[in-house]
Amino acid sequence: MKAVAVFPEERALRLVDHREPAILAPGDVVVRVLEVGFCGTDREIAAYRMGAPPPDSPYLVLGHEAVGEVVEVGSSVRRIRPGDLVVPTVRRPCRRETCRACRMGRPDFCLSGEYTQRGIKEAHGFLAERFSDDARWLQPVPRELREVAVLTQPLSIAETAIAELEQVQKRLPWAALGETGGAGKRALVLGAGPVALLGAMALVVRGYKVTVYSHAGRGDKAEFAESIGAQFVTAD
Ligand SMILES: [Zn+2]
Ligand SMILES: [Zn+2]
């Protein structure tokens, strides 16, 4: 099966013949890749500034933002069926018994630092014809979101930040006013990269009055921000 991989030792990036994924455990799922997104992390990996292959491989298959279609599921998988659209998550838990975060299924809080990340750190990514994974790391996506589903992973970064800021804001005595239309909810998004613009969209949907601030001048990004109802402010 074809895959695109980076060889950090050789400082090379090329098409490889990668092993075909298979159901190896009852909870496994095999997915046919439909789309893979690229971001700044991929650029860094392709410039050999970050990223690490699995210990038993000279190369790392790229790709951590993907959407695919399920082709096969293991005998214990109930939540996902062949034909479903799925988006994989990126980080996988470390093996330390003492890592409370990973043992609770929250490798995003891994305490040992020995977590892996598909397509980034010691685990192959999704820029291949197919991949397999445990069903718990796959999120089913409605068919009607097919066109934009590949943006789920970068959106999840903005969504995590918004969930945290909303939790923090709750401690403020006037927080409830925003909910009742008092002062209104206002948000400032610093930067106008893809994750920032996804975050601005998520905030607009939540009813915030959004300002996007960028050091870059007006251009496509300003137009986009204004098209979703946000205000664009440039340092230019
Ligand atoms: Zn990314
Ligand atoms: Zn851990």
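This is a predicted model: local features need pLDDT of at least 70, side-chain atom pairs count only at pLDDT 80 or more; totals for chains, interfaces and linings use all residues.
Modeller: Start with the angle classes.

Colleague: Which residues make the contact?

Modeller: From α3 come P154, L155, I157, A158, E159, A161 and I162. From α5 come P194, V195, L198, G199, A202 and L203.

Colleague: What makes up the contact of α3 with α5: nonpolar, polar or charged residues?

Modeller: It divides into 11 nonpolar residues, one polar and one charged.

Colleague: Now the sheets. How do you know that β3 and β5 pair?

Modeller: Pairing needs at least two bridges. Strand β3 (residues 28-37) and strand β5 (residues 65-73) have eight, in the antiparallel sense. V33 stands opposite G68 in β5. V29 stands opposite V73 in β5.

Colleague: How many bridges join β5 to β6?

Modeller: Two bridges join β5 to strand β6 (residues 85-88), and the strands run antiparallel. The cut-off is at least two, so this counts as a pair. E69 has L85 in β6 as its bridge partner.

Colleague: What is the strand order in the open sheet of five strands?

Modeller: The order is β10-β3-β5-β6-β11, with antiparallel pairing.

Colleague: What makes β10 and β11 edge strands?

Modeller: β10 (130-134) and β11 (138-141) each pair on one side only. From one strand to the next, the twist averages 45°.

Colleague: Why is the pairing of the sheet β7-β8-β9 called mixed?

Modeller: This is an open sheet of three strands. Strand β8 (residues 116-118) and β9 run parallel, joined by two bridges. Q117 has E122 in β9 as its bridge partner. The pairing of the sheet as a whole is given as mixed. Its edge strands are β7 (91-92) and β9 (122-123).

Colleague: How do you know that β1 and β2 pair?

Modeller: Strand β1 (residues 2-7) and strand β2 (residues 12-17) share six bridges in the antiparallel sense. At least two are needed, so the pair qualifies. A5 stands opposite R14 in β2.

Colleague: What lies between the two strands of that hairpin?

Modeller: Four residues separate β1 and β2. R11 in the turn has a positive phi of about 55°.

Colleague: Which strand is joined to β1 by two bridges?

Modeller: That is strand β4 (residues 60-61), which runs antiparallel to β1. The bridge partner of A5 in β4 is V61.

Colleague: Last, where do the domain bounds fall?

Modeller: The domain assignment gives domain 1 (2-146) and domain 2 (153-234). Their C-alpha centres lie 29 Å apart.

Notes. Residues are numbered from 1 along each chain as its sequence is written. Chains are lettered from A and ligands numbered from 1 in the order in which they are written. Domain bounds come from an automatic or database domain assignment. Axes are lines fitted to C-alpha atoms, for helices over the stretch in contact, and angles run from 0 to 180 degrees between N-to-C directions. Two residues are in contact if their C-beta atoms, placed from the backbone, lie within 7 Å. Ala, Val, Leu, Ile, Met, Phe, Trp, Tyr, Cys and Pro count as nonpolar, Asp, Glu, Lys and Arg as charged, and the others, Gly among them, as polar.
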